[in-house]
Amino acid sequence: MVTDDAAATAGEVLPLLYQDEALVVIDKPSGLLVHRSPIDRHETRFAVQLLRDQLGRRVYPVHRLDKGTSGALAFALDRDTATALATQFAGQRVQKTYVAIVRGWPAPSGVIDHPLEAVQDAYAAVAEHGAKPSRTSFRTVATVELPVRVDRYPTSRYALVQLEPDTGRRHQLRRHLAHLSHPIIGDSTYGKGRHNRLFAERYGVRRLLLACVRLAFDHPATGQPIDVAADPGAEFALLAREFGWPGATTDAAATDRAPGLMPHPPSPSR
């Protein structure tokens, strides 16, 4: 059984995917907040704090992953680098690749072009009104049909998808996939509780099945391309074995390639 991979342990060490004198990229576990938030007042563990203690120096977050999302997360080690990296993220000059397991079988590939209203919560500095342009490219990497009735069908269908957001709206991937009627498994806000419970009870997987597996950007100091990969994690590996998806998570992390493993052709969601 796989449980949430964010265990509260003393002296916790975050996996480092890349480090130099100006920046560091960690592999953030699911269940870990990037920084303190009024939304989770009970939390005492934050990536900023853990990484600061681990490196023995101040760190500057330049983007964010949701608490439930795992994977590549970049920090600057000085203010100038933080400003330069944040500008790249804001200017949509950072290539971000995610993998997710979703309900149903999406099309082989496509673009979700659906404006999103700002999420108004404790993270929002000021209230924003009006939907903003939001685009996400996706491709379906693998599918499975389980002989389990969850909704009105006698079987239940799921897919592994690769996601590349062209914009960076709050909860964009989760909201876009829900809009497409293919919500991410483990998403308690935009997902389907019955499917989430199936994965928890049948496979012991209780996390949001969304991981950032690649960050690619230009180094703020040298201009050299930095391309950092992250493994999607033990839960994805367990499900790949259960669903007969050999090599699928590796294929999903790749870019500029034709659609990969497709055991079944897509058809209407279940």
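The legends below describe an overview and several close-up views of one predicted protein model.

**Figure 1. Overview of the predicted model.** Residues are numbered from 1 along each chain as its sequence is written, and side-chain values use heavy atoms, with hydrogens and water left out. Because the model is predicted, local features need pLDDT of at least 70 and side-chain atom pairs count only at pLDDT 80 or more, whereas totals for chains, interfaces and linings use all residues. The protein contains 6 helices and 10 strands; helices (H or I, at least four residues) and strands (E, at least two) are DSSP runs, numbered from the N terminus. Of its 270 residues, 50% count as buried. Here buried means under 20% relative accessible area, exposed means over 50%, and partly exposed lies in between (1.4 Å probe, protein chains only). The protein exposes about 12,500 Å², of which carbon and sulfur atoms supply 50%; accessible areas come from the Shrake-Rupley method with a 1.4 Å probe, and for residues only the protein chains shown count as cover. Among contacts (heavy atoms within 4.5 Å) with a separation of 6 or more, 69% are between residues 24 or more positions apart.

Figure 2. Strand S1 comprises residues 16-19 and strand S2 residues 23-28. The two strands run antiparallel and are joined by 3 bridges; strands are said to pair if DSSP finds at least two bridges between them. A hairpin of 3 residues connects S1 to S2.

Figure 3. Helix H5 spans residues 234-243, and its buried residues are Glu-235, Phe-236, Leu-238, Leu-239, Ala-240 and Phe-243. In an α-helix there are 3.6 residues a turn, so residues three or four places apart point the same way. After H5 comes Gly-244, which has a positive phi, near 70°.

**Figure 4. Two loop residues with a positive phi.** Most residues other than glycine have a negative phi. Gln-92 is not a glycine, yet its phi is positive, about 60°. This residue belongs to the loop between helix H2 (79-90) and S5. Is Gln-92 buried, exposed or partly exposed? Gln-92 counts as partly exposed because its relative accessibility is 48%. His-171 is likewise not a glycine and has a positive phi of about 60°. The loop that holds His-171 lies between S8 and helix H3 (172-179). His-171 counts as buried because its relative accessibility is 14%.

**Figure 5. The salt bridge between Arg-174 and Asp-66.** A salt bridge is a side-chain nitrogen of Lys or Arg within 4 Å of a carboxyl oxygen of Asp or Glu. Side chains of opposite charge can pair when their charged atoms come close. In the bridge between Arg-174 and Asp-66, the closest N and O atoms are 2.9 Å apart. This pair links distant parts of the chain, since Arg-174 is in helix H3 and Asp-66 in the loop between S3 and S4, 108 residues apart. Strand S3 covers residues 60-61 and strand S4 residues 70-76. Both Arg-174 and Asp-66 are buried, the latter with a relative accessibility of 16%. Apart from neighbours within four places in sequence, Asp-66 is in contact with Lys-28, Arg-170, His-171 and Arg-174.

**Figure 6. The salt bridge between Arg-45 and Glu-12.** A search of the whole structure finds 10 salt bridges. In one of them, the side chains of Arg-45 and Glu-12 meet at 2.9 Å, N to O. Arg-45 lies in the loop between S2 and helix H1 (47-55) and Glu-12 in the segment before S1, so the pair ties together parts that are 33 residues apart in sequence. Arg-45 and Glu-12 are both buried.

**Figure 7. The salt bridge between Asp-166 and Arg-135.** The side chains of Asp-166 and Arg-135 meet in a salt bridge at 3.5 Å, N to O. Why does this pair tie together parts that are 31 residues apart in sequence? Asp-166 lies in the loop between S8 and H3, while Arg-135 is in strand S7, and therefore the bridge joins those parts. Asp-166 is partly exposed, with a relative accessible area of 30%, and Arg-135 is partly exposed at 35% relative accessibility. Elsewhere, salt bridges that share partners join Asp-66, Arg-174 and Asp-187 into one network.
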